[in-house]
Amino acid sequence: MTEPLIPPLASSVSVPPSVPGDFWALLPCAGTGSRAVPVASPAGAPGLPKQYQPVAGQPLVLHTLAAFAGVARLRGTLVAVAPGDHFLEAYPGPFHFVVDCGGPTRAETVLGGLGALLERGASERDWVLVHDAARCLVTPEQIDALIDACAHDGVGGLLAHKLADTLKTASAGPGGVRVVSTVDRADKWLAQTPQMFRIGPLRKALEHVGAIVTDEASAMEAMGLHPRLVPGSALNIKVTYPEDFAFAQAVLAQRGHGATLERFGSARGPAGAAPGKIF
């Protein structure tokens, strides 16, 4: 058995399940998404990060924010952007707030966002749902299902999708990329977001692991913890490649994307206020 790349801390960072806590959302939104839309693509806007590319008539991230705005239990949604990023100033609303605390990596952006939440009155025992800004097809029902499954868990968890396809390992050589073996998929899951953990333990985990992890669950695993897997949806993809935009466009068109229009309107400008939200 190989040793983990990052040794877990000896002390536990979990919080007893009986401890209550509020719920917050955090969207890392500081990446450039250079793979998303080639400059030559007529559907894309050259120079814009993928989270701001138009999908179904609105910037992609607005569809993501509309889904979180439909979750009544959230105290607020923090969008962590890079310093100097003013794109979302044109789309104000009472459902989210923007902080320029983004860093060069996802882990550093999330760490900056956690600090910003604490500065706004969140507690280290509160829950945070970290979600990819580019997963614009998530639904309020899926977010609520994650909260229901993890609110009384000692660690937390994440949305994930059971692997359906046959999984291969490969090697590259003079004859091209070829199959080495077939991997048993019985216990394999595709990690999605949101990923839900207590603010304090997640912050400690990210500080311990550093910038190398690509999701929050990996940081918690490095602490010797085992996040809960909550079944998500095959539709909850991370929009990355040009064909993903076409897929997202089709799904949102089928749904009518009414939630996004309701939250943000058909043009730039503030949406109506939502009672009970605290920011």
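I began at Met196 and listed its contacts, leaving aside neighbours within four places in sequence: Phe23, Trp127, Val128, Leu129, Leu146, Ile147, Cys150, Ala151, Val155, Gly156 and Gly157. A note to myself before going on: this is a predicted model.

**Cores**

Next I asked which residues touch the most other members of the largest nonpolar core. They are Val61, Ile143 and Met196, in a core of 32 residues.

Helix α1 gives the most, with six residues.

There is also a second, separate core, and I counted 30 residues in it. Leu26, Leu78, Leu114 and Met220 are among them. I jotted down the general rule beside this: in soluble globular proteins, nonpolar side chains tend to be buried together.

**Salt bridges**

How many salt bridges are there? My tally is nine, and I went through a few of them.

I turned to Arg73 and Asp148, whose side chains meet in a salt bridge at 2.9 Å, N to O. What does this pair tie together? Arg73 sits in the loop between α1 (60–69) and β4 (74–80), while Asp148 belongs to helix α3 (residues 140–150), so the bridge links parts that lie 75 residues apart in sequence. I also checked the accessibility of Arg73, and at 34% it counts as partly exposed.

Asp187 and Lys188 came next, and I noted a salt bridge between their side chains at 2.8 Å, N to O. Asp187 is exposed, with a relative accessible area of 55%, whereas Lys188 is partly exposed at 28%.

I then went to helix α4 (residues 199–209), where Arg203 and Glu207 are four residues apart, which means a separation of about one helical turn. Their side chains form a salt bridge at 3.9 Å, N to O; the cut-off is 4 Å, so the pair is counted. Are the two partners buried or exposed? I have Arg203 as partly exposed, with a relative accessible area of 27%, and Glu207 as exposed at 52%.

How values were computed
Residues are numbered from 1 along each chain as its sequence is written. This is a predicted model: local features need pLDDT of at least 70, side-chain atom pairs count only at pLDDT 80 or more; totals for chains, interfaces and linings use all residues. Side-chain values use heavy atoms; hydrogens and water are left out. Helices (H or I, at least four residues) and strands (E, at least two) are DSSP runs, numbered from the N terminus. Buried means under 20% relative accessible area, exposed over 50%, partly exposed in between (1.4 Å probe, protein chains only). A nonpolar core is a set of buried Ala, Val, Leu, Ile, Met, Phe, Trp, Tyr and Cys residues joined through side-chain atoms within 4.5 Å. Contact means heavy atoms within 4.5 Å.
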